[in-house]
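Here is a short briefing on one protein model. Keep the sequence and the structure in view while you read.

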Amino acid sequence: VAGVVDGAAASLEAGLAQHGDVCEMTGQSTVVNAAVDAGRLRRDALGTLSVLPHPLPGLHIVYGSMVATGGILRWFRDEFGGAFDELDALAGTAEPGSGGLLLLPYFLGERSPIWDPDARGALVGLSMATTRADVVRAIFEGTAYGLAHNLEELDKVGVRPAVLRVLGGGAKGTTWNQIKADVTAL
C-alpha cells in the first residue's frame, strides 16, 4: 500500500478489516485506531476524535492521538539512563500505583482527548521513598490511563472493542502492555 499515513498503514498491519476492530500504536505518541463502517459513521458524534479514510473500501478510521507517550519514556531514558527493555523490566518490579505517584502525560501539550497545546505534564506524589522503578511505572500507568480515556471516547461513538491489538515500538514492552491491559480491561 502506498500513499497512506502511518495510522492507516498500522490499521492494515493490525488487521483492522471490519467495523469495531481497534488497535493502538505507541512510538513517540500513541494513536488509537478503530475501523468504522462508513454507513455507521456519524461525524457529529466524533467529539474529541478524528476520522480519515481507511485503505479498505467502505471503512473509515476513527482515531484518538496522544502526543508524547513513548516520547516521555525516551526522555526518561535519555536523561536518567537505561535501555528500553531494562526500563520495562524495572517497571515490573514496582507495585501497581507506582508508590503513590501520578503522572499526567502532557509533556508536549495534548491532542485527543483534551486538545490543549498548553497542557503540561506533572509527576505528583514524589517522596524520599520513591524509586526509579516507581517513576518508570508511573510513566506506563499515566500513559495507559490516557489510552483508556481515548477508548472511552470511542465508546461514545459506539465502538467497544473486545480486543485491543498493539503495535509500534511500545508493543515490545511486556510490562507496559500488561499495564495497558489492566487499565483498559482489554
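Buried means under 20% relative accessible area, exposed means over 50%, and partly exposed is in between (1.4 Å probe, protein chains only). Helices (H or I, at least four residues) and strands (E, at least two) are DSSP runs, numbered from the N terminus. This is a predicted model: local features need pLDDT of at least 70, side-chain atom pairs count only at pLDDT 80 or more, and totals for chains, interfaces and linings use all residues. Residues are numbered from 1 along each chain as its sequence is written, and side-chain values use heavy atoms, with hydrogens and water left out.

**Helix H5 and its end**
- Helix H5 covers residues 174–184, and its buried residues are Thr175, Trp176, Asn177, Ile179, Lys180 and Thr184.
- These buried residues pack (contact means heavy atoms within 4.5 Å) against strands S1 (22–26) and S7 (165–167), and against helices H2 (69–80), H3 (84–91) and H4 (132–156).
- Ala185 follows H5.
- Phi of Ala185 is positive, near 60°, in a residue other than glycine.
- Ala185 counts as exposed because its relative accessibility is 67%.

**The largest pocket**
- A pocket is an open set of points on a 1 Å grid over the protein atoms alone, where a 1.4 Å probe fits, with protein on both sides within 12 Å along at least five of seven lines; lining residues have an atom within 4 Å of a point.
- The largest pocket holds about 280 Å³ of space, a volume being the space filled by probe spheres set on the points.
- Its lining has 16 residues, and Leu73, Phe84, Gly169, Gly170 and Trp176 lie nearest the centre.
- H2 and H3 are the elements that give two or more residues to this lining.
- H2 supplies the largest share, 4 residues.

**The loop between S5 and S6**
- Pro113 sits in the loop between S5 and strand S6 (122–124).
- The peptide bond between Ser112 and Pro113 is cis, with omega about 5°.
- Trp115 is also placed in the loop between S5 and S6.
- Phi of Trp115 is positive, near 45°, in a residue other than glycine.
- Trp115 counts as partly exposed because its relative accessibility is 44%.

**A nonpolar surface patch**
- Patch residues have over 30% relative accessible area and no salt bridge; nonpolar side chains (Val, Leu, Ile, Met, Phe, Trp, Tyr) are joined within 5 Å, like charges within 9 Å.
- A salt bridge is a side-chain nitrogen of Lys or Arg within 4 Å of a carboxyl oxygen of Asp or Glu.
- Leu102, Leu104 and Val124 form a nonpolar patch on the surface, with about 240 Å² of accessible area together (Shrake-Rupley method, 1.4 Å probe).
- Leu102 belongs to strand S5 (residues 102–104).
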